[in-house]
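I opened my notebook to get to know a new structure. Come along as I look things up one by one.

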Amino acid sequence: MQNQLKDPLHGITLQKIIEALVAHYGFDTLSELIPVKCFTSNPSIKSSLTFLRKTDWARKKVEDLYVKSLPKLAK
């Protein structure tokens, strides 16, 4: 229980993470920060979810960017 309180990703869905990052950065900047095809070629929330659910290393990069960006996203 204690670890859940410290984990900023606890209770946040991948869809909410992507939506927040796209709203803040847009797909253009997001594709520069994390150069994966789901952000660079015909990007959409749906295609990003499909790719990131199957690709652990890319999902980790997105989650790390989200955690690093939390102070900016809260504004």
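Which residues in helix 2 meet which residues in helix 4? I looked this up at the start, keeping in mind that the model is predicted. From helix 2, I noted Leu-14, Gln-15, Ile-18, Glu-19, Val-22 and Phe-27. Their partners in helix 4 are Ile-45, Ser-48, Leu-49, Leu-52 and Arg-53. Sorted by class, this contact has seven nonpolar residues, together with two polar and two charged ones.

Next entry: the geometry of this pair. I reminded myself that two packed helices are described by the angle and the distance between their axes. Helix 2 covers residues 14–33 and helix 4 covers residues 45–54. Their axes come within 10 Å and cross at roughly 125 degrees. Angles of 65 to 115 degrees would count as roughly perpendicular and those over 145 as roughly antiparallel, so I wrote down helix 2 and helix 4 as oblique to each other. I also checked the hand, and helix 2 passes helix 4 in a right-handed crossing.

Then I stepped back to the whole chain. I found five helices and zero strands, and the pattern along the sequence reads α-α-α-α-α.

How much of the protein chain is buried? I got 33% of the 75 residues. Among contacts with a separation of 6 or more, 55% come from residues 24 or more positions apart.

Last entry: overall dimensions. The C-alpha atoms fill a box of roughly 40 × 30 × 15 Å along the principal axes. The radius of gyration is 12 Å, which agrees with the value near 11 Å that a compact globule with 75 residues would have.

Notes. Residues are numbered from 1 along each chain as its sequence is written. This is a predicted model: local features need pLDDT of at least 70, side-chain atom pairs count only at pLDDT 80 or more; totals for chains, interfaces and linings use all residues. Side-chain values use heavy atoms; hydrogens and water are left out. Axes are lines fitted to C-alpha atoms, for helices over the stretch in contact, and angles run from 0 to 180 degrees between N-to-C directions. Helices (H or I, at least four residues) and strands (E, at least two) are DSSP runs, numbered from the N terminus. Angles under 35 degrees count as roughly parallel, over 145 as roughly antiparallel, 65 to 115 as roughly perpendicular and the rest as oblique. A crossing is left-handed if the near helix is turned anticlockwise from the far one by less than a right angle, and right-handed if clockwise. Contact means heavy atoms within 4.5 Å. Ala, Val, Leu, Ile, Met, Phe, Trp, Tyr, Cys and Pro count as nonpolar, Asp, Glu, Lys and Arg as charged, and the others, Gly among them, as polar. The radius of gyration is taken over C-alpha atoms; the globule rule is 2.2 Å times the number of residues to the power 0.38. Buried means under 20% relative accessible area, exposed over 50%, partly exposed in between (1.4 Å probe, protein chains only).
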